[in-house]
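Subject: Structure handover

Hello,

Here is the structure for you to take over. Please have a look at it first, and then read my notes below.

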Amino acid sequence: MALISQIYAQDASRKIKTCLQSKARSGEYLGFQKIYGYIIDENKKLIIDREPAGIVKKIFEMRSRRMTYDAIAHWLNEKKILVPRLYFKYDKFRDDGTIPEMNMWTRTILVKMINNEHYTGKLIFGRYKMDKIRGKTATRVPRDKWIIVENSHEALVSEELFNKT
């Protein structure tokens with residue numbers, strides 16, 4: 001009985017993986033994390049969220065002028081721009097300028113943004129794989145095995161600007 005259950009689980013896992021890969025190739029965003037500067041529409045496509053998109057563009061422009069991550073973080077904190085986590089939690093910028101929780105832009109947040117190829121209009125799927133069924137250990141997959149869909153959504157930054165930073 002255990003062998004049959006294991007075979008069934010492996011078959012179901014394979015089918016789910018194939019289905020997800022097909023959806024990714026068609027440009028559906030399958031990520032569990034939102035991407036600052038985009039919203040996910042009802043068809044699972046990324047569309048630009050104008051307010052934070054302007055912030056993302058500004059961050060890339062500042063970085064392309066060789067401004068340090070710490071200086072960019074300082075500028076964002078001075079302007080009281082919500083960090084992505086709080087922006088998504090409170091669903092937009094607060095009009096009164098108050099910040100309900102700790103709101104600190106950091107080098108870590110900025111490095112993740114600057115290295116996120118989604119901002120160039122690419123949809124990327126399959127960077128990690130789970131080692132086992134029901135496993136909790138993710139292993140990084142070599143880039144040549146990723147599914148990368150060019151121009152799946154409107155880019156916030158050009159490939160040139162992305163490579164410059």
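Helices (H or I, at least four residues) and strands (E, at least two) are DSSP runs, numbered from the N terminus. On that basis the protein has six helices and six strands. Along the sequence, their pattern is α-β-β-α-α-α-α-β-β-β-β-α.

Two notes on the source. This is a predicted model, in which local features need pLDDT of at least 70 and side-chain atom pairs count only at pLDDT 80 or more, while totals for chains, interfaces and linings use all residues. Residues are numbered from 1 along each chain as its sequence is written, and side-chain values use heavy atoms, with hydrogens and water left out.

Overall numbers

The protein has 165 residues, and 33% of them are buried. Buried means under 20% relative accessible area, exposed means over 50%, and partly exposed is in between (1.4 Å probe, protein chains only). The accessible surface is about 11,000 Å². Carbon and sulfur atoms hold 53% of that surface. These areas come from the Shrake-Rupley method with a 1.4 Å probe; for residues, only the protein chains shown count as cover. Take the contacts with a separation of 6 or more: 57% of them are between residues 24 or more positions apart. Contact here means heavy atoms within 4.5 Å.

Aromatic rings

The whole structure holds seven aromatic pairs. Rings of Phe, Tyr and Trp (its six-membered ring) pair if their centres lie within 6.5 Å; planes under 30 degrees apart count as stacked, over 60 as edge-to-face and the rest as tilted. One of the pairs is tyrosine 36 with tryptophan 105. Tyrosine 36 is in the loop between α1 (2-25) and β1 (38-40), and tryptophan 105 is in the loop between α4 (84-90) and α5 (107-114). The pair therefore ties together parts that are 69 residues apart in sequence. Tyrosine 36 is buried at 3% relative accessibility. Tryptophan 105 is buried too, at 2%. Ring pairs also join Tyr36, Tyr87, Phe88 and Trp105 into a cluster.

Two arginines sit over rings. A charge counts as over a ring if NZ of Lys or CZ of Arg is within 6 Å of the ring centre and within 35 degrees of the ring normal. Arginine 63 has its charged end over the ring of tyrosine 69, 4.0 Å from the centre. Arginine 127 does this with tryptophan 146, at 5.7 Å.

Which residues of α5 are buried? They are Leu110, Met113 and Ile114. These residues cover an arc of only 95 degrees around the axis, so they lie on the same side of α5. The arc is that of the directions from the helix axis to the C-beta atoms. Their cover includes α2, α3 (69-78) and α6 (159-164).

Serine 64 belongs to helix α2 (residues 50-64). Serine 64 is buried, at 15% relative accessible area. A polar atom of its side chain lies 2.8 Å from the backbone oxygen of glutamate 61. Leaving out residues up to four places away in sequence, serine 64 touches Leu161, Lys164 and Thr165. Arginine 50 is also in α2. Is arginine 50 buried or exposed? It is exposed, with a relative accessible area of 58%.

Glycine 121 and alanine 155 are 34 residues apart in sequence, yet 4.0 Å apart in space, C-alpha to C-alpha. Beyond four places in sequence, glycine 121 touches residues including Val149, Asn151 and His153.

Histidine 118 is in the loop between α5 and β3 as well. Histidine 118 is buried, at 4% relative accessibility. Beyond four places in sequence, its contacts include Tyr29, Tyr38, Arg127 and His153.

Positive phi values

Arginine 66 has a phi near 70 degrees, a positive value in a residue other than glycine. Arginine 66 lies in the loop between α2 and α3 and is exposed, at 55%. Lysine 80, not a glycine either, has a positive phi of about 60 degrees. Its place is in the loop between α3 and α4.

Best wishes

Terms used. A polar contact is a pair of N or O atoms within 3.5 Å; within protein, one must be able to donate a hydrogen and the other to accept it, and residues adjacent in sequence count only if both atoms are side-chain atoms.
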